[in-house]
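Please keep the sequence and the structure open while reading.

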Amino acid sequence: MTSTPLLRAARRTLIAGTAALLVSTVAAPSFVTPTFAADGPASVADLAQGVLGAVVNISTSQTVKGTEGPGAVPMPQLPEGSPFQDFFDDFFKNRGGDKDNSGQKVQSLGSGFVIDAEQGIVVTNNHVIADADDIEVNFSDGVTLKATLVGTDTKTDVAVLKVDPKGHKLTAVKFGDSTKMRVGDWVMAVGNPFGLGGTVTVGIVSARNRDINSGPYDDFIQTDAAINRGNSGGPLFNSAGEVIGINTAIISPSGGSIGIGFSIPSQLASGVVDQLRQFGETRRGWLGVRIQPVTDDIAESLGMATAKGALVAGVIKGGPVDNGTIQAGDVIIKFDGKDIHEMRDLPRVVAESPVGKAVDVLIVRKGVEQTVKVTLGRLEDGEKLASGGNGNADQDKGNKAPAVSTASVLGMTVGELNDETRKKFSIAADVSGVVITDVAKDSAAAERGIQPGEVITEIAQESVATPKDVMDRIGALKEQGRKNALLMLASKTGELRFVTIRMD
């Protein structure tokens with residue numbers, strides 16, 4: 001049918017009336033109207049202009065042997081006396097004309113930013129400059145300066161560099177408070193994606209407190225501002241031009257931005273930067289405990305109303321709390337006034353605390369809350385103890401005489417821990433308790449990953465020394481109406497962990 005001007009005008013009138021009706025209908029509910037324009041901030045030009053001079057490109061070079069470069073084909077293993085040995089030796093050892101085997105230069109690019117113009121201090125990611133032989137800082141006006149490494153921290157992926165402040169007039173930016181950022185706040189990323197130089201992208205904080213399993217202190221800001229390869233080490237700015245994050249990682253099957261990027265929050269990064277500048281290394285607080293999550297089953301076994309905090313699975317020998325202040329089985333729910341909602345909160349707040357500081361720690365011990373005073377050690381000094389020593393509950397294991405017998409309970413066969421069983425399962429001499437000699441297939445114990453050779457040291461925070469103790473303790477828990485049994489298990493070397501087993 002042919003449309004006449006009159007029909008077209010009528011349709012426009014009808015559409016306009018319908019639209020007005022829809023608008024009035026949609027606008028009926030009452031809510032707070034956002035203060036920004038529908039398509040985002042009007043412009044970030046002034047913000048970008050004020051910070052671009054402080055954002056730099058980081059260029060590094062590293063010498064690698066010809067046989068060790070990216071994509072290198074390894075030399076095949078040939079039988080002794082093979083007639084091809086000389087041929088392969090000549091090809092692989094001297095390929096590419098590298099007669100002296102001195103290697104080749106491999107270059108990489110990243111980003112960074114100046115935080116101190118007078119001292120020439122530049123911040124970037126550790127992985128941007130890791131293993132580099134030469135580091136250069138390239139400024140937005142084309143000036144290039146050699147950089148020296150002040151210090152790095154692999155745990156947070158932060159590195160601090162220094163350039164000669166007399167070699168170029170520097171512009172600096174400062175750290176802001178990342179704790180004030182809310183999901184939905186506008187942010188701006190500046191960096192060197194794909195080697196293109198100073199590039200500005202805008203987005204929002206799409207999530208906070210992200211744990212991407214990249215390190216022990218993961219607490220990333222997630223943003224949809226475009227971050228690509230080469231942005232690593234660059235700053236994430238708030239609307240005031242303050243650095244509230246260091247762009248570090250992306251999730252991308254293709255290698256390009258898909259709107260999921262992660263930044264180290266300034267609250268964490270600034271403290272690390274200060275320590276690297278002052279000492280050339282980090283000096284973190286250390287509590288000296290091994291921890292594991294508090295699951296619903298564990299919380300129920302400990303008589304806790306909700307699953308929260310960090311469960312102490314062991315105490316490091318020679319550590320700050322090896323005096324019995326904190327014991328295996330304790331649940332830490334508050335540290336120095338900060339709530340510990342889940343296990344991963346504790347390492348971060350402890351590490352951010354000064355070495356030697358005396359702090360109050362709120363724990364749950366056998367269902368009762370109590371506060372203990374702890375003086376922190378230094379993590380870097382204690383890491384050797386943690387890696388070389390065994391977890392130690394430092395609790396009274398009892399003086400009951402062991403019985404020469406075995407028992408079957410909760411899908412496990414348990415027996416006396418004597419010279420014979422120690423030798424059979426290679427159990428260390430300082431491990432005490434009741435040895436698990438067999439685990440029934442498809443049992444509750446098997447589902448929890450319990451293995452023969454592990455030793456039950458406690459059940460529901462009570463020591464056990466004989467198979468009869470195990471049976472008696474499980475029976476007592478059932479009489480109390482408990483649905484789960486909380487077992488503290490020791491590995492062959494004495495490392496402790498907690499496991500809950502259903503007693504249905």
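Predicted model: local features only at pLDDT ≥ 70, side-chain atom pairs only at ≥ 80, totals over all residues.

## Terms and basis

In what follows, a residue is called buried when its relative accessible area is under 20%, exposed when that area is over 50%, and partly exposed in between.

## Positions annotated as active site

An unreviewed UniProt entry lists His 127, Asp 157 and Ser 232 under "active site". These three positions are spread over 106 residues of sequence, and yet they cluster in space, the largest C-alpha distance among them being 10.1 Å.

Asp 157 sits in the loop that runs between strand 6 (148-153) and strand 7 (158-162), and, with a relative accessible area of 14%, Asp 157 is buried because that value is under 20%. Leaving aside residues up to four places away in sequence, Asp 157 touches Thr 124, Asn 125, Asn 126, His 127, Thr 248 and Ile 264, so that another of the annotated positions, His 127, is included in its contacts. The side chain of Asp 157 also reaches the backbone nitrogen of Asn 126, at 3.0 Å.

Ser 232 likewise belongs to a loop, here the one between strand 10 (220-223) and strand 11 (235-237), and its relative accessible area of 16% makes Ser 232 buried. Which side chain does Ser 232 join through a polar contact of 3.1 Å? The partner is the side chain of His 127. Contacts of Ser 232, again not counting residues up to four places away in sequence, are made with Gly 110, Ser 111, Thr 124, Asn 125, His 127, Val 128, Asn 247 and Thr 248.

## Salt bridges

Lys 334 and Asp 339 meet through their side chains, with a nitrogen-to-oxygen distance of 3.5 Å. Lys 334 has a relative accessibility of 30% and counts as partly exposed, and Asp 339, at 43%, is also partly exposed. Glu 342 forms a salt bridge with Arg 344, where the closest N and O atoms are 3.8 Å apart; Glu 342 is partly exposed with a relative accessible area of 42%, whereas Arg 344, at 18%, counts as buried.

Arg 378 and Glu 380 form a further side-chain salt bridge, at 3.2 Å from N to O. Here Arg 378 is buried, with a relative accessible area of 17%, while Glu 380, at 22% relative accessibility, counts as partly exposed. This pair belongs to one network, in which salt bridges that share partners join Glu 281, Arg 283, Arg 378, Glu 380 and Asp 381.

## A nonpolar surface patch

On the surface, Trp 186, Val 200 and Val 202 form a nonpolar patch, and together these residues have about 200 Å² of accessible area. Val 202 is placed in strand 9 (residues 199-210) and, at 33% relative accessibility, counts as partly exposed.

## A buried glutamine

Gln 292 is part of strand 15 (residues 289-293) and is buried, with a relative accessible area of 13%. A polar atom of the Gln 292 side chain lies 2.8 Å from the backbone oxygen of Phe 498. Beyond residues up to four places away in sequence, Gln 292 touches Ile 298, Ala 310, Leu 311, Ala 313, Met 343, Arg 497 and Phe 498.

## Positive phi angles in one loop

Most residues other than glycine have a negative phi. Gln 461, which is not a glycine either, has a positive phi of about 65 degrees.

Ala 460 is found in the loop between strand 25 (455-459) and strand 26 (462-463), and Gln 461 lies in the loop between strand 25 and strand 26 as well. Ala 460 counts as buried at 15% relative accessibility, and Gln 461 is buried with a relative accessible area of 12%.

Terms used:
Residues numbered from 1 in each chain as written. Heavy atoms only, no water. Salt bridge = Lys/Arg side-chain N within 4 Å of Asp/Glu carboxyl O. Buried < 20%, exposed > 50% of the residue type's maximum accessible area, 1.4 Å probe, protein only. Patch = residues over 30% accessible without salt bridge, like charges linked within 9 Å, V, L, I, M, F, W, Y side chains within 5 Å. Areas by Shrake-Rupley, 256 points an atom, 1.4 Å probe, with all protein chains shown as cover. Helix = DSSP H or I, 4+ residues; strand = E, 2+ residues; numbered from the N terminus. UniProt positions renumbered as here; feature names shortened; annotations may be inferred. Contact = heavy atoms within 4.5 Å. Polar contact = N/O pair within 3.5 Å; in protein donor to acceptor, adjacent residues only side chain to side chain.
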